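Hi,

Here is the structure I said I'd pass along.

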Amino acid sequence: MLTTVLAALAVWTAPAHRVMLMATATGVGAMMALLLVALAAVRGAYLDSVSPATLPPDAAATVYDTFVRFLHDSTRTLLVVAVVTALAAYLYGPGRAARAARGTAVRATAAAGRALHRSGVDTGSPGRLPAKHRTWATGAVLAAGALTLLLWNDPTVTTVALVLGITSAALIVMAVLAAAAGPATSSPVPGDAGRRAP
């Protein structure tokens with residue numbers, strides 16, 4: 001928990017928040033990957049050092065796996081979180097691929113919203129509110145997902161995938177509802193305002 005707080009403070013105090021977030025997530029991911037490799041290497045060395053006459057190989061493997069299970073699961077979960085965080089930070093940046101991905105997502109949700117609007121579904125004020133305050137609404141959804149992971153007791157890779165799926169679905173639904181409110185709610189791609197194409 002202390003490590004998470006310190007990492008958050010480092011990102012918050014950095015001049016370029018997004019770049020620092022990417023660097024922090026990449027560093028954490030690299031450390032977790034190295035730790036997984038080290039655990040696998042230590043497991044192999046441990047099994048080679050145990051004589052079959054003393055302890056059968058299957059039993060020795062079970063003992064080791066049970067002993068490091070919590071560390072292994074936590075490391076794998078942190079690796080997934082770090083990869084997702086680094087990818088999200090990149091997709092919010094000015095890169096060509098990031099802009100293309102955001103543009104594709106906006107066009108897809110806008111098309112779905114317009115289709116709903118043409119079919120007679122008008123989201124009205126609830127749809128216009130997230131469109132008017134897109135940055136705050138997106139930040140609130142992302143913060144809720146991050147807080148859920150922080151407060152979850154012993155999160156696993158499945159937990160991360162579940163929270164990520166729900167958060168992504170909430171963002172998609174919010175964008176579709178905004179587009180279904182009518183043409184007046186259209187807005188530029190998030191994160192692209194004020195940027196010039198390279």
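Let me start with helix 2, whose buried residues are Ala25, Gly29, Met32, Leu36 and Leu39. Those buried residues pack against helix 3 (57-67) and helix 4 (69-91). Helix 2 itself covers residues 17-49, and its 33 residues reach 47 Å from first C-alpha to last, close to the 48 Å expected at 1.5 Å a residue. Keep in mind that this is a predicted model.

On to the charged pairs: the structure holds 2 salt bridges. One is Arg43 with Asp65, where the closest N and O atoms are 2.8 Å apart. This pair links distant parts of the chain, since Arg43 sits in helix 2 and Asp65 in helix 3, 22 residues apart. Arg43 is partly exposed, at 29% relative accessible area, and Asp65 is partly exposed too, at 34%.

Arg76 also forms a salt bridge, with Asp73, and there the closest N and O atoms are 3.7 Å apart. Both of these residues lie in helix 4, 3 residues apart, or about one turn of the helix. Arg76 counts as partly exposed at 40% relative accessibility, as does Asp73 at 29%.

One more residue to look at is Thr109, which lies in helix 5 (residues 96-118). Is Thr109 buried or exposed? Its relative accessibility is 14%, so Thr109 counts as buried, the cut-off being under 20%. A polar atom of the Thr109 side chain lies 3.0 Å from the backbone oxygen of Ala105. Leaving aside residues up to four places away in sequence, Thr109 touches Ile172, Ala175, Val176 and Ala179.

Cheers

Terms used. Residues are numbered from 1 along each chain as its sequence is written. This is a predicted model: local features need pLDDT of at least 70, side-chain atom pairs count only at pLDDT 80 or more; totals for chains, interfaces and linings use all residues. Side-chain values use heavy atoms; hydrogens and water are left out. Helices (H or I, at least four residues) and strands (E, at least two) are DSSP runs, numbered from the N terminus. The expected span of a helix is 1.5 Å times one less than its number of residues. Buried means under 20% relative accessible area, exposed over 50%, partly exposed in between (1.4 Å probe, protein chains only). Contact means heavy atoms within 4.5 Å. A polar contact is a pair of N or O atoms within 3.5 Å; within protein, one must be able to donate a hydrogen and the other to accept it, and residues adjacent in sequence count only if both atoms are side-chain atoms. A salt bridge is a side-chain nitrogen of Lys or Arg within 4 Å of a carboxyl oxygen of Asp or Glu.
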